Amino acid sequence: MVRCVPVEQVRQVQEVMNTDPDKPIDAALDKVLRASGSRLDNYTMPKTREAMREAMREVLRAAWVEGSNAGWKAARGEE
């Protein structure tokens, strides 16, 4: 199944990806923090922010690997 994405959403992603490499990670962190009633701007210590970024990278890596493995299994007809 092919999923269509609105052009504006693609442009927003491209804009984020073509700037600071930490920007997409920070955007994801900010969304999670806002859901809990906080925000990334409240965390100003560089060491804290970098630890949070690394934790988010680990989560994203794990999700990517899991999705990739699921796709590979589906392509081979496995459950």
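Tutor: Start with Arg 39, which sits in the loop between H2 and H3. The model is predicted: local features need pLDDT of at least 70 and side-chain atom pairs count only at pLDDT 80 or more, while totals for chains, interfaces and linings use all residues. Residues are numbered from 1 along each chain as its sequence is written, and side-chain values use heavy atoms, with hydrogens and water left out.

How exposed is Arg 39? Its relative accessible area is 36%, so Arg 39 is partly exposed. Here buried means under 20% relative accessible area, exposed means over 50%, and partly exposed is in between, using a 1.4 Å probe and protein chains only.

Now look at what Arg 39 touches. Leaving out residues up to four places away in sequence, its contacts are Asp 30, Leu 33 and Arg 34. Contact means heavy atoms within 4.5 Å. Leu 29 is ten residues from Arg 39 in sequence, and their C-alpha atoms are 8.2 Å apart.

Follow the contact to Asp 30. This residue lies in helix H2. Its relative accessibility is 19%, so Asp 30 counts as buried. Besides Arg 39, Asp 30 touches Leu 40, again not counting residues up to four places away in sequence. Asn 42 is twelve residues from Asp 30 in sequence, with 10.0 Å between their C-alpha atoms.

Next, take H2 as a whole. The expected span of a helix is 1.5 Å times one less than its number of residues. H2 has 13 residues and should span 18 Å; its end C-alpha atoms are 18 Å apart, so the two values agree. Five residues of H2 are named as buried: Ile 25, Asp 26, Leu 29, Asp 30 and Leu 33. Seen down the axis of H2, these fall within an arc of 135°, so they line one face of the helix. That arc is taken from the directions from the helix axis to the C-beta atoms. The face turned away from the buried side carries Lys 31, Val 32 and Ala 35, which are exposed. After H2 comes Gly 37, with a positive phi near 95°.

What covers the buried residues of H2? The cover includes H3. H3 has 30 residues and reaches 43 Å from its first C-alpha to its last, close to the expected 44 Å. Its buried residues are Arg 49, Met 52, Arg 53, Met 56 and Arg 57. They pack against H2. Just after H3, Gly 77 has a positive phi of about 80°.

How do the two helices meet? Two packed helices are described by the angle between their axes and the distance between the axes. The axes of H2 and H3 come within 10 Å and cross at roughly 95°. Axes are lines fitted to C-alpha atoms, for helices over the stretch in contact, and angles run from 0 to 180 degrees between N-to-C directions. H2 and H3 are therefore roughly perpendicular to each other. On this scale, 65 to 115 degrees is roughly perpendicular, under 35 roughly parallel, over 145 roughly antiparallel, and the rest oblique. From H2, the contact uses Ile 25, Asp 26, Ala 28, Leu 29, Val 32 and Leu 33; from H3, it uses Arg 49, Met 52, Arg 53, Met 56, Arg 57 and Leu 60.

The largest nonpolar core has six residues: Ile 25, Leu 29, Leu 33, Leu 40, Met 52 and Met 56. H2 gives the most, with three. A nonpolar core is a set of buried Ala, Val, Leu, Ile, Met, Phe, Trp, Tyr and Cys residues joined through side-chain atoms within 4.5 Å. Take Met 52 as one member. Leaving aside neighbours within four places in sequence, Met 52 is in contact with Leu 29, Leu 33, Leu 40 and Tyr 43.

Finally, step back to the chain. The protein chain has three helices and zero strands. Of its 79 residues, 16% count as buried.

How values were computed
Helix = DSSP H or I, 4+ residues; strand = E, 2+ residues; numbered from the N terminus.
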